[in-house]
Amino acid sequence: QVDLMESGGGSVQAGGSTSLSCTASGSGYIFSERYCLGWFRQTPGKEREAVATFFGRDSSPWYADSVKGRFTFSKENGRAIWHLEMNNLESEDTAMYYCASRPIGGAVRACYLDWREYGSWGQGTQVTVSS
């Protein structure tokens, strides 16, 4: 079983920066390379959307076009902690942010972008960007 916990976020001015962290605990796939970990965000009345994903097998990140060049997804060496550095924030980035993970099979070559594919979720952390 994998448990995820987000931290960070809060209120920030437009153009500013903040960072989110996702810490995994428990046991299983998340401590190997066979996982996908994603950051998703959701605002009231809208569907949860993928912001960035991290492919454990080669440590490669993917970014939604809306955040590309502004967000950076990384993992601490030797630790089950991932960070999402968020720069040049816009009001449109205001949302509840969730980290989620799932195991992946050997044939998978990229992380899933549909939130329904992920089975382990954190409780979420709010990011509010004010202009």
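The legends below describe close-up views of a predicted model.

In this predicted model, local features need pLDDT of at least 70 and side-chain atom pairs count only at pLDDT 80 or more, while totals for chains, interfaces and linings use all residues. Residues are numbered from 1 along each chain as its sequence is written, and side-chain values use heavy atoms, with hydrogens and water left out.

**View 1. Aromatic rings around Trp121.**
The structure holds 7 aromatic pairs, a pair being two rings of Phe, Tyr or Trp (its six-membered ring) with centres within 6.5 Å, counted as stacked if the planes are under 30 degrees apart, edge-to-face if over 60 and tilted otherwise. The rings of Tyr98 and Trp121 have centres 6.1 Å apart and planes at 80 degrees, so they form an edge-to-face pair. Tyr98 belongs to strand 9 (residues 95-103) and Trp121 to strand 10 (residues 120-121), so this pair ties together parts that are 23 residues apart in sequence; strands (E, at least two residues) are DSSP runs numbered from the N terminus. The rings of Trp115 and Trp121 are also edge-to-face, because their centres lie 6.5 Å apart and their planes stand at 70 degrees. Ring pairs link Phe40, Tyr98, Trp115, Tyr118 and Trp121 into a cluster. Tyr98 is buried at a relative accessible area of 15%, whereas Trp121 is partly exposed at 24% and Trp115 is partly exposed at 28% (buried means under 20% relative accessible area, exposed over 50% and partly exposed in between, with a 1.4 Å probe and protein chains only).

**View 2. Charged side chains over tryptophan rings.**
Arg48 lies over the face of Trp121, at 4.7 Å from the ring centre, and Lys75 lies over the face of Trp82, at 5.7 Å from the ring centre. A charge sits over a ring if NZ of Lys or CZ of Arg is within 6 Å of the ring centre and within 35 degrees of the ring normal.

The structure holds 9 salt bridges, each defined by a side-chain nitrogen of Lys or Arg within 4 Å of a carboxyl oxygen of Asp or Glu. Arg41, which is buried at 7% relative accessible area, meets Glu49 in a salt bridge at 2.7 Å, N to O, and Glu49 is partly exposed at 36%. Arg70 and Asp93 form a salt bridge whose closest N and O atoms are 2.7 Å apart. Asp93 lies in the loop between strand 8 (81-86) and strand 9, and Arg70 in the loop between strand 6 (60-63) and strand 7 (71-75), so the pair ties together parts that are 23 residues apart in sequence. Asp93 is buried at 1% relative accessibility, and Arg70 is buried at 9%. Arg41, Glu49, Arg70, Glu90 and Asp93 are linked in a network of salt bridges. Glu47 forms a salt bridge with Arg116, with the closest N and O atoms 2.5 Å apart.

**View 3. The surroundings of Glu6.**
Glu6 is found in strand 1 (residues 2-8) and is buried, at 4% relative accessibility. Its side chain has a polar atom 2.9 Å from the backbone nitrogen of Cys99, and the side chain of Glu6 also reaches the backbone nitrogen of Gln123 at 2.9 Å. Leaving aside neighbours within four places in sequence, the residues in contact with Glu6 (heavy atoms within 4.5 Å) include Ser21, Cys22, Trp39 and Tyr98. The C-alpha atoms of Glu6 and Ala100, 94 residues apart along the chain, are separated by 9.7 Å.

Key:
Helix = DSSP H or I, 4+ residues; strand = E, 2+ residues; numbered from the N terminus. Polar contact = N/O pair within 3.5 Å; in protein donor to acceptor, adjacent residues only side chain to side chain.
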